[in-house]
Amino acid sequence: MLVAASVRSSAQGDPKATSRFFVAFHGVRIGSEFVTVTRDQGAFTISSHGQIAPPLDVVTTKFEMTYSLDWQPRKLVIEGALRNQTLAISTSFGLTTAISDVTQGMNRGSVTHEVSPRAVVLPPNYFAAYEVLAARLPSFEIGSRFPVFIAPDGEASATVTKVTPRRIVNPDAATDLREYTITVNRTSGAVTVLVSIDTRNRLAKVVLNEQGIVVIRDDISTVMSREERVRNPGDTDVFIPASGFSLAGTVTIPSLTAAKLPAVILVGGQGNQDRDETHYGVSIFGQLAGRLAEAGFFVVRFDQRGIGQSGGRPEHAGIPEYAQDVMSVATWLGKRREIDPKRIAVISYEDGHAIALTAAGQGSRIRAVGVIGATGLAGREAVLEQQQEELNRLRATSAERNARVGLQQRVNEAVVTGKGWETIPADIRRQADTAWFRSWLLFDPAAAMKKVKQPLLILHGALDRERLPANADRLAALGTARKNAPAAATTKVVVPGVNHVLLTAATGEPDEYDSLPEQTIPAAVVSPLVDWLKQVLK
């Protein structure tokens, strides 16, 4: 059954309020919208203007959407440009009809649609429209369905599938949010939208994962803002000196302190991950930090350079630079009175193993190194293996496989050699032509392992479908073959029934991550990690 919000769920606060939203595409800011919400004279009006660069390529000189206070849409007006062509949309709403007059370039037309009463009007790429959804969401429960009019194309059905509390913190304040996971069912297929609202029922953030689009309000998008996903007993926020900037992190201090504590540095994979290394809603490092501190370890997790509250320039950083950041953390730990500088271990997750192994090969401060969910292949091979697994999940045809693999191989060659970019689409080049990806493609764990003298732990989930368990075997073979360490210095643990995000799973496939009933990392993962750390740092 479709539901409609009652009048009581209208937006709270001032009758008129203006906010600025930034729009990012795959982590790169491409534009902004200035949004004003007004409630007066029996109407709820959203207006905005702004500009968003390609690939959206939208200029908005006027956006205005008006609802009655019982959420019946009245009028939509859009003026501006789309992909350098003039665009004007004017939609008038009756109780069950929507009449749209559309002008795009030299083309003009009119179309009439049937719409459900109190439909939420969401024209694509005009994110101010989500303000009314933010105002109405508090009256919806999980499982509620409601009508959405995708102006000027027609109506779709949306369903609230999940509500998750979130918290954004910066040095001055904390903002509590509720994140609603919404599935919009269109004729072209289902689309998932994440909509976050604040305690005033105002829009804070919109995420369109499939399109790589994030829209976020400016007060929670500053360089010093981050999402606080986990807060353990003993958590304290710190800033750690690095090479010309500071790394922002959280230390988790054990309650039972000794004269000199062993320490663990958690190192995440590359990407827009913060200190908690959150994947599919699972705060992997936040959880591990709490459990390791309970076992008596002083734990550090930190935002990568240029991410969250950390300084530095990530666009010029590859594996060596990120490894130097780890060494900066180790140096900082070694100077703390409560830390035993001879008992510092590094534990990495996913592709962070390249950083951890490189740091371990360079630094005598690191006593032991562990890798969780890592690949045992060279970077080029790992990228292709992961792509093959994704194509298997999609049940791609031979033609689709050949096209995708061929493109990836051309991308890899262009990244490494700097030649052949003319055959690569511009949007793909923006994502691939980075210092990190080049260093990743050139990374070979076999070469890195030869420099690692420390005890090595390889921990892997038996149901890992993103980094297949055979990778643990490859890494173990490289570890035991080291000439500068005995075979016994390499430990491999494959945990039955555990997937890539370290949860107990049924199949291990990514499409079941969100539906798993237990979102806590099990003891079967934590116990061997703790036992190994106690042994090598005793």
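Two strands pair if DSSP finds at least two bridges between them; helices (H or I, at least four residues) and strands (E, at least two) are DSSP runs, numbered from the N terminus. This is a predicted model, in which local features need pLDDT of at least 70, side-chain atom pairs count only at pLDDT 80 or more, and totals for chains, interfaces and linings use all residues. Residues are numbered from 1 along each chain as its sequence is written, and side-chain values use heavy atoms, with hydrogens and water left out.

Strand E24 (residues 368–372) pairs with two strands, as listed here.

In E24, 5 of 5 residues are buried (under 20% relative accessible area, 1.4 Å probe, protein chains only). Ala368, Gly370 and Ile372 lie on one side, and Val369 and Val371 on the other. In a regular strand the side chains alternate between the two faces of the sheet.

E23, helix H4 (residues 353–362) and E24 form a right-handed β-α-β unit: with the strands pointing away from the viewer, the path from the first strand over the helix to the second runs clockwise.

Elsewhere, helix H6 (residues 398–417) packs against helix H8 (residues 435–442) at about 105°, with axes 9 Å apart. Axes are lines fitted to C-alpha atoms over the stretch in contact, and angles run from 0 to 180 degrees between N-to-C directions. H6 and H8 are therefore roughly perpendicular (65 to 115 degrees). Contact (heavy atoms within 4.5 Å) involves Gln408, Val411, Asn412, Val415 and Val416 of H6 and Phe437, Arg438, Leu441 and Leu442 of H8.

Notes
Buried < 20%, exposed > 50% of the residue type's maximum accessible area, 1.4 Å probe, protein only. Parallel < 35°, antiparallel > 145°, perpendicular 65-115°, else oblique.
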